[in-house]
Every structure is written in C-alpha cells, then in structure tokens.
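I opened my notebook and went through this structure one step at a time. Here is what I looked up.

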Amino acid sequence: MGRVLIMDHPLIQHKLSLLRDKNTGVKEFREVVGEIATLLCYEATRDLPLKEVEIETPVAIAKTKVISGKKIAIVPILRAGLGMVEGVFNLLPAAKVGHVGLYRNPETLEAVEYYCKMPSDINEREVIVLDPMLATGGSAVAAIDLVKKYHPKSVKMMNIIGAPEGVEKVTQAHPDVDIYIAALDEKLNDHGYIVPGLGDAGDRIFGTK
C-alpha cells in the first residue's frame, strides 16, 4: 500500500495557516503555495540515490556525493497544480514538465481528460504529480491513470491539503503511489470542498471566481 506522509514541519504548518486565511491576497497566496511546494519536494526527494565522486576543493581531494542519474518529471494537474511548479523548480531545475487537464462531468461526476502532454522520455523518469487539493480523489486517480500509460519508473503525488475520502480513493486505486501532503483535513462537504480547507485553490492562485 502506498504511504501517506503528512509533512508536519513547523515551517509548512505556519505557511499553511496563511493559505487557510480567507484574507490572504492573491500575490501572497501564490507565493506561499510555491514555498510549501518547495518544502514538500524536499521530503518527496529524500530517497533519491547518490553516488560517490571525487572533487578537488581549495584544500584537498574530497570524496563526496551527487545524485545518481535519477531523472524527474513533474506533472501538475491543470489548473491549480501549476501553482506548485515553480516551487518544485527551486529544488529540481532540470526536471521536465508534463501537463494533465481534467474536468468533472456534472452528470456522472467522473473526471474527463481534456489535455495531456508528457515529456518524450517520461518512461525514463520518476514522476511527481502536483495538485494543491486532494478532495474526492477523482482527478488524482484519473491523472495517475494517464501518467502510468507512459510507463514512468515510478509515480508519487504531492498535495497541500487532502480529505480522508480522497486519500483513501488514491491509495486504493494506486497502492504503489506515495502521497506527500501538508495536512489531512476533517472531511468533504456536500459540494465536494475540503473542510476546513482553504476554498478553491485555483481561484485563489489565479485571482478568478
């Protein structure tokens, strides 16, 4: 079963409080989403393999370590996932980016694909799927389904806030996918919003209503 890792670092929890506050403006909200994404990425890449190399310092030859050939691709779920991309780039500037666009069919409530574009070498890469909110889990499961069709080496997911319903849906559908999340909230309300949550992440990132 995929692991659900709740990142309770004090810096993440402090920044999360800013996101939850309804009075936080668009500029600050967008910046803080990126900062939390950076901190989540720090944890999500903890298992990257290392190899030993020799480097000449100003003083002597040192045996030290560098990341060993593990290529990363990040795949934001449009549109809110875009808000996390720059924060990940702070740590992984060489990562390639794929995009998945999904909307919810109002009658069936199923996630429907409207856009999917992946790096040509995604089968050689470890993939991290990005979405600030993991609510019902429908979009997350559909996005991971799409990514897996390209046969990446592995898939992880990064979210800022999740509901128990969404986390359970993803772990059941994709038991090999680890979820890195800043907070696991109480529940979903009747409209599919996370409670207490932070509202609509896409609207708050891009200033739309």
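Before anything else, a definition I needed: helices and strands here are DSSP runs, at least four residues (H or I) for a helix and at least two (E) for a strand, numbered from the N terminus. I also noted that this is a predicted model.

**Entry 1: the whole chain**

I counted the elements and got six helices and 13 strands in the protein chain. Then I checked the radius of gyration, which is 18 Å, close to the 17 Å from the globule rule for 209 residues, so the chain is as compact as a globular protein of that length. Along its principal axes the C-alpha trace spans about 65 × 40 × 30 Å. I looked up burial too, and 45% of the 209 residues count as buried. For contacts with a separation of 6 or more, 64% are between residues 24 or more positions apart.

**Entry 2: the listed binding site**

Which residues does UniProt list for "binding site"? The unreviewed entry gives Ile194, Gly199, Asp200 and Ala201. I went to the largest pocket next, and its lining includes Ile194, Gly199, Asp200 and Ala201.

I zoomed in on Asp200 and found it in the loop between β13 (194-195) and α6 (201-206). Is Asp200 buried, exposed or partly exposed? Its relative accessible area is 29%, so Asp200 is partly exposed, given that buried means under 20% and exposed means over 50%. Skipping residues up to four places away in sequence, Asp200 touches Arg79 and Tyr193. I also spotted a polar atom of the Asp200 side chain 3.0 Å from the backbone nitrogen of Gly202.

Ala201 comes next, and its place is in helix α6. Its relative accessibility is 5%, so Ala201 counts as buried. Leaving aside neighbours within four places in sequence, Ala201 is in contact with Phe29, Ala80, Pro132 and Met133.

Lys15 has a relative accessible area of 18%, so it is buried, as the cut-off is under 20%. What does the side chain of Lys15 make a polar contact with? The partner is the side chain of Glu35, at 2.9 Å. With neighbours within four places in sequence left aside, Lys15 is in contact with Val32, Glu35, Ile36 and Leu39.

At 11% relative accessibility, Asp121 counts as buried. Its side chain makes a polar contact with the side chain of Lys96 at 3.5 Å. Not counting residues up to four places away in sequence, Asp121 touches Lys71 and Lys96.

**Entry 3: helix α5**

Which residues of helix α5 (residues 164-173) are buried? I got Gly166, Val167, Val170 and Thr171. Looking down the axis of α5, I saw why they belong together: the buried residues fall within an arc of 125°, so they line one face of the helix. I wrote the general rule beside that: an α-helix has 3.6 residues a turn, so residues three or four places apart point the same way. Last, I looked for what the buried residues of α5 pack against, and found β1 (4-6), β9 (133-134), α4 (138-148) and β11 (178-184).

Key: Residues are numbered from 1 along each chain as its sequence is written. This is a predicted model: local features need pLDDT of at least 70, side-chain atom pairs count only at pLDDT 80 or more; totals for chains, interfaces and linings use all residues. Side-chain values use heavy atoms; hydrogens and water are left out. Buried means under 20% relative accessible area, exposed over 50%, partly exposed in between (1.4 Å probe, protein chains only). The arc is that of the directions from the helix axis to the C-beta atoms. Contact means heavy atoms within 4.5 Å. UniProt positions are given in the numbering used here, feature names are shortened, and annotations may be inferred rather than shown by experiment. On a 1 Å grid over the protein atoms alone, a cavity is a set of points where a 1.4 Å probe fits but cannot get out, and a pocket is an open set with protein on both sides within 12 Å along at least five of seven lines; lining residues have an atom within 4 Å of a point. A polar contact is a pair of N or O atoms within 3.5 Å; within protein, one must be able to donate a hydrogen and the other to accept it, and residues adjacent in sequence count only if both atoms are side-chain atoms. The radius of gyration is taken over C-alpha atoms; the globule rule is 2.2 Å times the number of residues to the power 0.38.
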